[in-house]
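Here is a short briefing on one protein chain. Keep the structure open as you read, and find each residue as it comes up.

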Amino acid sequence: MRQKQEVSLLVTGADVVCFDDHETLVREGAIAIDGDSIVWIGAAREAADKFAAKDTIRATGMIAMPGFIDCHVHTAQQFLHGKLPSVQRKGELRSPMWQRYLIPFESGLEPEDVYCSGLAAYSAMISSGTTCFLEAGGPFPEEMGRAADEIGIRGRIAMSTMDTTDDLPSHSRMDTAVALRRSEDLVHSWKHHQRVNAWLSLRQLMVNTEALRLGMHELSHALDTPIHTHLAEGTYEVDFAIRQWNMRSAEYMEKIGCLDHYVHGAHSVLLSLNELDLYAERDVSACHCALNNYTMGRPRLLEMMRRNIRVGLGTDGAATRASLDMFQVMHGAVLGQQAVNGTPYHVDPPITHEQMLKQAFRGGSRAARLERSIGSLEAGKKADVVLVPTDDYDQYPNYDPVITLAESTVGRDVRTVIIDGRVVMQDRRLLTIDLGPMRERVARQYKTIMSRFDRAIG
């Protein structure tokens, strides 16, 4: 009799949608996981004879899919959730939002506030099917890392760097040399963690000196580490670049030699055709934040995809659109592209929900520089698996699991999440950490945080 292979976890009975190059779909399938990796995917009826599992998740009636990668999130802005829309409702919201609200809010946070923000944000991510995030750069990134480590999510933390003196809160500014040294130290400190590592960050052209840009570029090559930045985000940035250098944002970065494969450009909304060519030629990655980008311009998402630019999807954090649900981002991206690239040209549809969902997984993993590890369910890749039931009224009947995921599923449908081979949420119960102490601190501290913020914005 053939000896069974011992594995740590067996997920059995689910319809497995792999989102691999072969569009693999295994009805009533199984996923064998050992340690942090997938070792086998096949029919559930074969798994019982092949594997002896320490633990088994029976997932009949569910769909197994890869975890989302949120390619641009602001962890430290989590407790602005719902605040800015309430300011807007009063007719008091002013532009640019990043300068008048977001940076002042971050400048008033304490380390423990950022830790709690991380726990709140990352639990929201996990509960809606996100298993990996790319932090844009914020205050106290070590606290983000602590929260990510404890809660069990995969991520790339980063420190916000701003070294100009104009119109910046004093707590947010730092000397150029200090910004470079602390960024390097952060990358080294998290270099060997299994799931959580650090990237470099440049906040934005308007608040970074050229010396810092050049220094970060040199560091990215020395450390073999990407730079997360906002690029071609809004008219304020493009106008600033034209006033300063008589060229657009990405063109300026190219001129000074800082536009290359280490750059991850969040938003990338207002790109000229020349800049789009530069992204492709220099292998720059991008993030399409679909719930915000269409308020800033006409995003060239489909053109990026057709040029094979590494572009993922992102939430942009909870401050400007109070959700970290990547299903909603994906739905917004489809509707947005229909509005700007479909309807005006009598094209229906320019991209389907199924195609956009695959872009979220595969494009996101490429933008994260993790395409060999995550983004699809395949033997040899990391075991980041999300289980979605199909018994909701809005999902019945489940004729095609791919379409059910792409068109009839939102984050609250997610039932169980596995990250790095570890079950971190089961039956919508977080298993890794008790969030009670975080909620208690936030209950005590929230009024103080908001009072500081209200004073900062006048």
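Is Asp-277 buried, partly exposed or exposed? Asp-277 is partly exposed, with a relative accessible area of 31%. Keep in mind that this is a predicted model. The points below cover charge pairs, cysteines, helices and some backbone details.

**Salt bridges**

- Side chains of opposite charge can pair when their charged atoms come close.
- The count here comes to 21 salt bridges.
- Asp-277 forms one of them with Arg-307, and the closest N and O atoms are 2.2 Å apart.
- This pair links distant parts of the chain, 30 residues apart. Asp-277 sits in helix H10 (residues 273-282), while Arg-307 is in the loop between helix H12 (301-306) and strand S14 (311-313).
- Asp-384 and Arg-154 form another salt bridge, with the closest N and O atoms 3.0 Å apart.
- Asp-384 lies in the loop between helix H14 (353-367) and strand S15 (385-389), and Arg-154 lies in strand S8 (residues 154-157), so the pair ties together parts that are 230 residues apart in sequence.
- Asp-384 and Arg-154 are both buried.
- Glu-303 and Arg-300 also meet through their side chains, at 2.9 Å from N to O. Glu-303 counts as partly exposed at 23% relative accessibility. Arg-300 is buried, with a relative accessible area of 18%.
- Salt bridges can also form a network: Glu-110, Asp-113, Arg-441 and Arg-452 are linked in this way.

**Cysteines**

- A disulfide is a covalent bond between the sulfur atoms of two cysteines.
- How many disulfides does the count give? The count comes to 0.
- Cys-289 is in no disulfide either, and the nearest cysteine sulfur, that of Cys-287, is 3.9 Å away. The cut-off for a disulfide is sulfur atoms within 2.5 Å.
- Cys-18 is buried, with a relative accessible area of 2%. Cys-289 is buried too, with a relative accessible area of 1%.

**Helix H8**

- Helix H8 covers residues 235-245, and its residues Glu-237, Val-238, Phe-240 and Ala-241 are buried.
- Seen down the axis of H8, these buried residues fall within an arc of 160°, so they line one face of the helix.
- What do they pack against? The buried residues of H8 pack against strand S11 (227-231) and helix H9 (249-255).
- Asn-246 follows H8, and its phi is positive, near 60°.

**Helices H14 and H15**

- Two packed helices are described by the angle between their axes and the distance between the axes.
- H14 and helix H15 (residues 401-408) pack at an angle of about 85°, with their axes 9 Å apart.
- H14 and H15 are therefore roughly perpendicular to each other.
- On the H14 side, His-353, Glu-354 and Leu-357 take part in the contact. They meet Val-402, Ile-403, Leu-405, Ala-406 and Glu-407 in H15.

- Glu-275 lies in helix H10, and at 1% relative accessibility it counts as buried.
- Not counting residues up to four places away in sequence, Glu-275 touches Arg-248, Ser-249, Ala-250, Glu-251 and Leu-270.
- Glu-23 is in the loop between strand S1 (5-17) and strand S2 (25-34). At 45% relative accessibility, Glu-23 counts as partly exposed.
- Glu-23 and Lys-358 are 335 residues apart in sequence, but their C-alpha atoms are 9.7 Å apart in space.

**Backbone details**

- Asp-348 and Pro-349 are joined by a cis peptide bond, with omega about -20°. Pro-349 is in the loop between helix H13 (326-342) and H14.
- A cis peptide bond also joins Tyr-396 and Pro-397, with omega about -5°. Pro-397 is in the loop between S15 and H15.
- His-267 is not a glycine, yet its phi is positive, near 75°. His-267 lies in strand S12 (residues 263-267) and counts as buried at 2% relative accessibility.
- Asp-316 also has a positive phi, near 70°. Asp-316 is in the loop between S14 and H13 and counts as buried at 8% relative accessibility.

Terms used. Residues are numbered from 1 along each chain as its sequence is written. This is a predicted model: local features need pLDDT of at least 70, side-chain atom pairs count only at pLDDT 80 or more; totals for chains, interfaces and linings use all residues. Side-chain values use heavy atoms; hydrogens and water are left out. Buried means under 20% relative accessible area, exposed over 50%, partly exposed in between (1.4 Å probe, protein chains only). Helices (H or I, at least four residues) and strands (E, at least two) are DSSP runs, numbered from the N terminus. The arc is that of the directions from the helix axis to the C-beta atoms. Contact means heavy atoms within 4.5 Å. A salt bridge is a side-chain nitrogen of Lys or Arg within 4 Å of a carboxyl oxygen of Asp or Glu. Axes are lines fitted to C-alpha atoms, for helices over the stretch in contact, and angles run from 0 to 180 degrees between N-to-C directions. Angles under 35 degrees count as roughly parallel, over 145 as roughly antiparallel, 65 to 115 as roughly perpendicular and the rest as oblique.
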